[in-house]
Amino acid sequence: MSSVIESTRFSVLDRSRTREGHEASRALRDSVDLAREAEALGFHRFWVSEHHGVPGVAGSAPTVLAAAVAAATSTIRVGTGGVMLPNHRPLVVAEQFGVLASLFPGRIDMGLGRSVGFTDGVRRALGHGREDAEDFPGRLAELLGWIDGTQQAHPRVHAHPAEGLRIPAYVLAIGEGASVAAAAGLPLVIGDLRGREKVLRAIEVYRRDFRPSARAERPEVIVAGTVAVAGTEEAARRLLVPEAWAMAYSRTHGDFPPLAPAEVIERRTMTAKERELYERGLDGHIHGTQEQVVGQLERAIKETGADEVLVTTSTYDREALTDSLRRLARITRPQARGGERAPQRGLDVR
């Protein structure tokens, strides 16, 4: 196995994508099932996301879903990728993570992002606009202050049970958030791997400007992106089809849809613009056979200097997605080649 890959942690982010012909509740149960599989395969973390008013995503309450995932597993780290801080009061976020960290000590990660709602209507419903994202550094500092017990803005108010707990925090960024992570002295989660030049520039800024803190003594970079592994290159590419079409549809219709089967999409008549966006959505992802993916991962890790890779693959065929993770585990963990599975404990939410 590649020494570069062997020295890198691998984790999973599942966005609870809904699928045509299945209820949204199934997507949430699928996420919990995938977390069990990720734990059995030895992945380092399993994170869930936050989206509001999006037909294609069931994960609207990440701390609630993280609780279900943590209860259904026993060893894997569980967290959010992420909680969108502009949508929430920092005190409430601190309290929610305090409850999680108290119930599942030593296993909870607090991934935080600066995005707001997907559409103007969603933003109005949430009571927040794009301007709220501009105050992300201030909201982040307040949140950390609630947990560390150092906030001064609200005397005699405390975030129970979060205050005094060690809850690792991570900043999610596409580009500009790298400076926020550096100034706060927090690990950076950045993606995706397709926009490599933009990602590399942001990582350079992050490492250059990083200020050591009580939470992190040195820069830590987690790169996020799609990784699809299958028996053939074509089979791996077909795993990318449902998400590529969903992205193309959202950019031409303003609505992010549930995932459709690859074979349905491949028969679809597309406009020139849809076709252009769809084809672009298929390009640049890490995908192929195990042998092909090894080389692509090596290059990505060497170029970014990543400490960890957060796999964010979404597709209609959940069995194929699980198979992809198993093949990836054989690349990243030689012991997974024997197919051993960790015992499953905790809450059964199926």
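In this predicted model, the largest nonpolar core brings together 73 residues, and Phe43, Phe46 and Met110 are the ones that touch the most other members. Setting aside neighbours within four places in sequence, Met110 is in contact with Thr80 and Phe97, with Leu143, Leu144 and Ile147, and with Ile167, Pro168, Ala169 and Tyr170. Another core lies apart from the largest one; this other core has 14 residues, including Leu239, Leu240, Ala262 and Tyr278. As general background, nonpolar side chains in soluble globular proteins tend to be buried together.

Stepping back to the whole fold, the protein chain contains 14 helices and eleven strands. Its radius of gyration is 20 Å, close to the 20 Å given by the globule rule for 350 residues, so the chain is as compact as a globular protein of that length. Along the principal axes, the C-alpha trace spans about 60 × 45 × 45 Å. Contacts also reach across the sequence: of those between residues at least 6 apart, 75% join residues at least 24 apart.

Turning to burial and surface, 53% of the 350 residues of the protein chain count as buried. The chain exposes about 15500 Å², and carbon and sulfur atoms supply 50% of that area.

Note on methods: Residues are numbered from 1 along each chain as its sequence is written. This is a predicted model: local features need pLDDT of at least 70, side-chain atom pairs count only at pLDDT 80 or more; totals for chains, interfaces and linings use all residues. Side-chain values use heavy atoms; hydrogens and water are left out. Helices (H or I, at least four residues) and strands (E, at least two) are DSSP runs, numbered from the N terminus. The radius of gyration is taken over C-alpha atoms; the globule rule is 2.2 Å times the number of residues to the power 0.38. Buried means under 20% relative accessible area, exposed over 50%, partly exposed in between (1.4 Å probe, protein chains only). Contact means heavy atoms within 4.5 Å. Accessible areas come from the Shrake-Rupley method with a 1.4 Å probe; for residues, only the protein chains shown count as cover. A nonpolar core is a set of buried Ala, Val, Leu, Ile, Met, Phe, Trp, Tyr and Cys residues joined through side-chain atoms within 4.5 Å.
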